[in-house]
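Here is a set of exercises to work through with the structure open beside you. Try each task before reading its solution.

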Amino acid sequence: MQTHFSKEQLKNKDNKSSEKIFRKCVHCGFCNATCPTYQLLGDELDGPRGRIYLIKDMLENNKPANEKIVKHIDRCLSCYSCMTTCPSGVNYMHLIDHGRSHIEKTYKRPFSDRFIRDFLSKTLSKSFNFRVIAILTQFIKPFRFFFPKKIREMISLMPSKFPRKTLPKMEIYSLKNKKKPVARVALLTGCVQKVISPQINEATIRLLNRHGIEVIVPKGIDCCGSLNHHLGKGDLANRTFKNNISIWYEEYLNKGLDAIISNTSGCGTTLKDYGFIFRSDENFKKRAKKISELTKDIAEYLDEKVKLNFVIKPANEKKYKIAYHSACSMQHGQKIHKQPINLIKKTGNEILEISDGHVCCGSAGTYNLLQSDIAKKLLKNKVRNIEKIKPQFISTGNIGCITQIANGTKIPILHTVEIIDWYTGGPKPEILKSL
Ligand code: SF4
Ligand code: SF4
């Protein structure tokens, strides 16, 4: 794709990086074939190629965003399916992030939009705030029909119950009997995840400890920053990024870290991008790059680094049919697909393939709250494809997908790490007790 940025414009680091990406695009449109919003809406501007043109036009012509551009950019799920399909290696993720930040700087959204986006930014990225709002929401749930559609839908998506925590909150989860650990990792426990599904972090910690790995959960780290990053709120996101980078890097220097584990693939994708985000920041670039290099999804880490000790011998046990849902941030964002499947296969259970598995379930961070009509259609398609293959339960690696899919089906859904924990000596997940 030809570009027409001036020399002056290319002095800006973001323009410079985006220009290189635009040049890789050969307009072939292959990406449209796997783009969920293009498939649903059939409009070129709701596909990756059309969005790339919109972003290029804004940046090259120093054009402020307008209502039409914002509509099409907002409809993008950031599922990155287009990146998997693109034969030219166009990094759409970096273009859409740049486009969103340009929109935030140049476009004044209607009051109601600003209010909702600010509200989500302040509540979802802080676990304490989220917990308070989630509890308060229980009281207004019966009266949600009096609220405007968007608020009503947000209230409906709030969880109704919170599982009991079984592990005490600690900064260091050391091995029992003071054994010398074989590795030391930091765990990102996630701002929303630790409130609505603490059992995922607990399974991760138990499983790692059981295999001789010490786990640290630094007190000052809450959110990974991706929520604000994807809302285009660059300053807020950067504050979180810098905080996390400083804390983890200090830990890495002082006591050593073999990995930073993410068990929420949406967050892991952003951690792995810290290096790019701070590529021109003299203060942070070295540290950010290191944090990205250390980051591993839990499935990636277990598959590559840990010799798992399975205590449930599949030959003597009941076998389950499990549908594996590959989260977009996992398969497209981090290119991790076979590792979680390998892990589940080791449990001896049967894995069922979900047709159109490359297509998003509609969760996509705050997307199911902000673009609920499209998200509902995607959820309906996903659930139809899952129910068709009749699994006994579903496994995935992202809390957003777990929450979204659970809203559309009665088939139990749990995190892959809960299955591996169970088969290596942990408790049977609560949600499967009746199976
Ligand atoms: S990220 Fe997903 S929704 Fe956005 S353009 Fe790419 S494929 Fe389409
Ligand atoms: S597939 Fe890649 S090269 Fe082709 S239009 Fe899409 S982004 Fe451009």
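For sorting residues, Ala, Val, Leu, Ile, Met, Phe, Trp, Tyr, Cys and Pro count as nonpolar, Asp, Glu, Lys and Arg as charged, and the others, Gly among them, as polar. This is a predicted model, where local features need pLDDT of at least 70, side-chain atom pairs count only at pLDDT 80 or more, and totals for chains, interfaces and linings use all residues. Residues are numbered from 1 along each chain as its sequence is written, chains are lettered from A and ligands numbered from 1 in the order in which they are written, and side-chain values use heavy atoms, with hydrogens and water left out.

**Exercise 1: the ligand shells**

Task: Find where ligand 2 sits and sort the residues of its shell.

Solution: 
- Step 1. Start with the hole: ligand 2 sits in the largest cavity. A cavity is a set of points, on a 1 Å grid over the protein atoms alone, where a 1.4 Å probe fits but cannot get out. A molecule sits in one if more than half of its atoms lie within 2 Å of its grid points.
- Step 2. List the neighbours, where near means that a heavy atom of the residue lies within 4 Å of the molecule. There are 13 residues around ligand 2, and Cys25, Cys28, Gly29, Cys31 and Cys86 come nearest.
- Step 3. Sort them: the shell holds nine nonpolar residues, three polar and one charged.

Task: Now do the ligand 1 shell, and say which helices each supply at least two residues.

Solution: 
- Step 1. Ligand 1 sits in the second largest cavity.
- Step 2. Of the 13 residues around ligand 1, the nearest are Cys35, Arg51, Cys76, Cys79 and Cys82.
- Step 3. Sorting gives nine nonpolar, three polar and one charged.
- Step 4. Helices here are DSSP runs (H or I, at least four residues) and strands are E runs of at least two, numbered from the N terminus. The helices you want are α2 (36-41), α3 (48-60) and α5 (81-85).

**Exercise 2: Thr269 and what surrounds it**

Task: Is Thr269 buried or exposed, and what does its side chain pair with?

Solution: 
- Step 1. Thr269 is part of helix α14 (residues 265-271).
- Step 2. Its relative accessible area is 6%, so Thr269 is buried.
- Step 3. Count contacts, meaning heavy atoms within 4.5 Å. Beyond neighbours within four places in sequence, Thr269 is in contact with Tyr80, Met93, Ser329, Gly333 and Gln334.
- Step 4. Look for a polar contact: a pair of N or O atoms within 3.5 Å where, within protein, one must be able to donate a hydrogen and the other to accept it, and residues adjacent in sequence count only if both atoms are side-chain atoms. The side chain of Thr269 makes one with the side chain of Gln334, at 3.4 Å.

**Exercise 3: two helices**

Task: How many residues of helix α23 are buried, and what covers them?

Solution: 
- Step 1. In α23 (residues 416-423), eight of its eight residues are buried.
- Step 2. The cover includes α11 (198-210), α17, β6 (321-324), α19 (338-345), β8 (393-396) and β9 (413-415).
- Step 3. Turn to α17 (residues 298-305), whose buried residues are Ile298, Ala299, Glu300, Tyr301 and Leu302. Asp297 caps its N-terminal end, with a side-chain oxygen 2.9 Å from the backbone nitrogen of Ala299.

**Exercise 4: His325**

Task: Which residues does His325 touch?

Solution: 
- Step 1. His325 is in the loop between β6 and α18 (328-333).
- Step 2. His325 is buried because its relative accessible area is 1%.
- Step 3. Not counting residues up to four places away in sequence, His325 touches Ile354, Cys361, Lys382, Ile394, Ser395, Thr396, Cys401 and Ile405.

How values were computed. Buried means under 20% relative accessible area, exposed over 50%, partly exposed in between (1.4 Å probe, protein chains only). On a 1 Å grid over the protein atoms alone, a cavity is a set of points where a 1.4 Å probe fits but cannot get out, and a pocket is an open set with protein on both sides within 12 Å along at least five of seven lines; lining residues have an atom within 4 Å of a point.
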